[in-house]
Amino acid sequence: MADAIPELFPGFAPLQVNTSDVAFKGVIGGAGPPLLLLHGYPQTHVTWRYIAPRLARYFTVIAPDLPGYGASRTVADQPRWSKRRVAQALVEMMEQLGHSRFAVVGHDRGARAGYRMALDHPQRVTRYASLTVMPTLDVWEAMDKPFALANFHWFFLAQPFDLPERLLAVDPEAFIKNALSKMAGDLANIDPQALDAYVTAFRQPSVRHAMCEDYRAAANEDTEHDAADRAAGRQLPCPVLVLWPKTYAGAHSPLAIWGKWARDVRGEAIKGGHLQPEESPDEVMKALLPFLLDWSSPPGLSGEERPA
């Protein structure tokens with residue numbers, strides 16, 4: 001498979017960084033303070049195609065595939081790729097690129113790796129933005145029948161090796177297209193190049209296995225790590241931005257939930273569904289850019305990006 005699709009990231013170069021246990025690939029571009037973009041399931045760095053080029057006007061943007069996802073390859077599966085291990089590998093990657101401190105924006109699973117990084121490496125993360133994600137422990141505790149039915153993959157992918165892997169191998173394309181269709185409302189809402197990139201990656205057994213391990217970790221190690229942090233009263237020390245869909249119907253406000261995990265939390269509901277970087281890039285940029293720049297109205301923004 002192609003490591004990157006150049007036309008989707010104008011002005012960007014391929015990212016290729018080898019750490020102790022991951023050969024990271026993705027894209028890198030722009031100039032300015034370092035900004036790490038982390039994608040979610042079942043996607044790749046391509047999810048940032050509408051966001052990264054605009055952020056590159058102000059930041060050095062690094063958008064890797066998560067370990068095992070896309071074209072990023074891991075050296076060893078054990079210990080399991082918990083978000084703690086993912087965060088450590090990403091910190092090593094950023095160090096090799098010369099960045100000891102950086103901002104993090106994560107969507108879906110990438111947001112889970114992002115907040116784990118801010119908790120485990122507080123001296124590294126200057127700002128953290130979570131797109132469509134609540135902390136893993138809180139999600140499990142709030143689980144109910146509607147959520148379980150709508151998000152059965154949380155339970156299916158987390159089953160012990162190698163039952164999910166065997167079942168996914170029967171028709172991987174049908175599975176990922178069903179997942180993306182539910183997330184996007186309709187596959188037609190994902191442009192063909194991006195959809196092809198996601199499907200091509202998912203056809204690889206190693207990628208499907210990495211995704212299963214991701215969800216196994218969420219049901220085990222990640223929850224244990226969250227519980228230990230909560231018991232110890234640990235919080236994210238950096239400013240936190242939370243964006244969620246207007247269709248969110250949880251019993252508790254996302255701001256209230258994240259307020260238990262950080263001292264400085266702000267955010268809002270925006271239009272669109274789960275795939276915010278792809279469905280609602282303008283709304284994401286409108287909220288994200290002032291937060292990252294810490295300006296109320298950054299100079300030089302176009303009309304569509306200038307905060308209201």
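1. Helices (H or I, at least four residues) and strands (E, at least two) are taken here as DSSP runs, numbered from the N terminus. The structure is a predicted model, in which local features need pLDDT of at least 70 and side-chain atom pairs count only at pLDDT 80 or more, while totals for chains, interfaces and linings use all residues. Residues are numbered from 1 along each chain as its sequence is written, and side-chain values use heavy atoms, with hydrogens and water left out.

2. The largest pocket holds about 1,300 Å³ of space. Its lining comprises 40 residues, and those closest to the centre are Thr-132, Val-139, Phe-147, Asn-151 and Tyr-248. A pocket is an open set of points on a 1 Å grid over the protein atoms alone, where a 1.4 Å probe fits, with protein on both sides within 12 Å along at least five of seven lines; lining residues have an atom within 4 Å of a point. The volume is the space filled by probe spheres set on the points, which are joined across faces, edges and corners.

3. Helix α8 contributes the most to the lining of the largest pocket, namely five residues. By class, this lining has 22 nonpolar, nine polar and nine charged residues. Here Ala, Val, Leu, Ile, Met, Phe, Trp, Tyr, Cys and Pro count as nonpolar, Asp, Glu, Lys and Arg as charged, and the others, Gly among them, as polar.

4. The second largest pocket has a volume of about 230 Å³. Among its 17 lining residues, Pro-67, Gly-68, Thr-74, Trp-81 and Ala-210 lie nearest the centre. The elements that give two or more residues to this lining are β5 (73-74), α2 (83-96), α3 and α10 (205-219). The largest share, five residues, comes from α10. The lining divides into seven nonpolar, four polar and six charged residues.

5. Leaving aside neighbours within four places in sequence, Met-117 is in contact (heavy atoms within 4.5 Å) with residues including Leu-36, Leu-90, Phe-102 and Val-125.

6. No disulfides (pairs of cysteine sulfur atoms within 2.5 Å) are found in the whole structure. Cys-212 is buried, at a relative accessible area of 0%, and Cys-238 also counts as buried, at 4%. Buried means under 20% relative accessible area, exposed over 50%, and partly exposed in between (1.4 Å probe, protein chains only).
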